Every structure is written in C-alpha cells, then in structure tokens.
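Please have a look at it first.

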Amino acid sequence: MSERIGFITRVQSFSACHRLHSKSLSDEENKRIFGKCNNPNGHGHNYTVEVTVRGKIDRNTGMVMNLTDLKEYIEEAIMKPLDHKNLDLDVPYFADVVSTTENLSVFIWDSMVKLLPPGSLYEIKIYETDKNIVVYRGE
Ligand SMILES: Nc1nc2c(c(=O)[nH]1)N=C([C@H](O)[C@H](O)COP(=O)(O)OP(=O)(O)OP(=O)(O)O)CN2
Ligand SMILES: [Zn+2]
C-alpha cells in the first residue's frame, strides 16, 4: 500500500487580555483604527486555538504523531506563555508587536514549530471570538 498522509488537530482554549495599540501610531490614529479595542485598560478573550500537524501515517503505530505528545507541546508553546496573561505586558514578544490575532497566530506558530518534527506543522487557527477567526500557515 502506498504511503498515506494524514492531518491531526488538537484544540486548546486559553484566556488572556490585551489592548490593540501600536507604538508607531499616534494616540488619535490608534483610537480611530482600533476603536473600542484601544481601551487603555484593555479587554479579555477566551481564545480557542486549533493546531494541525501533517505527516505520514506510520505503518506500525497508525499515527501521524502521538496526540499525547502534541498535547505536551501545546502546554509548553501556548498555555505556559499565554494562559491567564496580559499579552502586552506579560509576553515579551508583544512589547513592540500589536497583539492582534494575526500576530498571536505567528507567535504560536513560531513557538510550536520549534518543538515539532521539521516540516510537520501545517496550520494554526485561532478563534478570538465566535465570529473572528484567523488562520496562519507559516508563510
Ligand atoms: N484583523 C483584526 N481585527 C481585529 C482584531 C484582530 O485581532 N485582527 N481584534 C479586534 C479586537 O481584539 C476585538 O476584541 C474584537 O472583538 P469584537 O469586535 O467585540 O468581537 P466580535 O466581532 O465577535 O463582536 P460582536 O460585537 O459581537 O460582533 C478587533 N479587530
Ligand atoms: Zn481583543
């Protein structure tokens, strides 16, 4: 039988607060562009992240990778740095990077890719709210 390629996804939720504010824009521009999300005292989200890994379905184990291992990588790359944190103040990456969900997806990609087998990370999908969804595939 020829080699089969599979995709596996693990879902993880975490809570964090943030403020959309760019240091390269004036206060007026920040207010105009980010509106209520520029509130000086911030606001919170219950984020849901889907991490998808692509790979060969191993003939012996029947797995692309062990989901138990993926769970541990997610704990390291997502939960420890982000859960119950103020993204802008607690996560050094966001000191000079606006904490949009796009940039959050890049942060999570860069953190996950360091832990996973080379070339295996396929997609990071984040639900910031039920209606606001971002996908990043490492490009
Ligand atoms: N391109 C992006 N646009 C916006 C982002 C983002 O990350 N990328 N983020 C925000 C805010 O963080 C904001 O919290 C979004 O929340 P909100 O507008 O309240 O969410 P909903 O659209 O789901 O809420 P409803 O008011 O119920 O429609 C803004 N833009
Ligand atoms: Zn927000």
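This is a predicted model: local features need pLDDT of at least 70, side-chain atom pairs count only at pLDDT 80 or more; totals for chains, interfaces and linings use all residues.

Residues are numbered from 1 along each chain as its sequence is written, and chains are lettered from A and ligands numbered from 1 in the order in which they are written.

Let me begin with the sheet, which is open and mixed in its pairing, with five strands in the order β3-β1-β2-β4-β5; two strands count as paired if DSSP finds at least two bridges between them. The edges are taken by β3 (85-86) and β5 (133-136), each of which has a single partner strand, so one side of each is left without a neighbour in the sheet.

Now to the helices. Helix α2, residues 67-82, packs on the sheet and touches β1 (5-18), β2 (43-56) and β3, its direction making about 25 degrees with that of β1. Contact here requires C-beta atoms, placed from the backbone, within 7 Å, and axes are lines fitted to C-alpha atoms, for helices over the stretch in contact, with angles from 0 to 180 degrees between N-to-C directions. Helix α4, residues 101-113, lies across β2, β4 and β5, and runs at about 145 degrees to β4.

Which residues of α2 are buried? They are L70, I74, A77, I78 and L82, where buried means 20 or more other C-beta atoms within 10 Å of a residue's own, exposed 12 or fewer, and partly exposed in between, with C-beta atoms placed from the backbone. Their cover includes β1, β2, β3 and α4. In α4, the buried residues are T101, L104, S105, F107, I108 and M112, and what covers them includes β2, α2, β4 and β5.

Finally, just after α2, H84 takes a positive phi of about 60 degrees, although H84 is not a glycine. H84 sits in the loop between α2 and β3, and is exposed, with 11 other C-beta atoms within 10 Å.

Key
Helices (H or I, at least four residues) and strands (E, at least two) are DSSP runs, numbered from the N terminus. Two residues are in contact if their C-beta atoms, placed from the backbone, lie within 7 Å.
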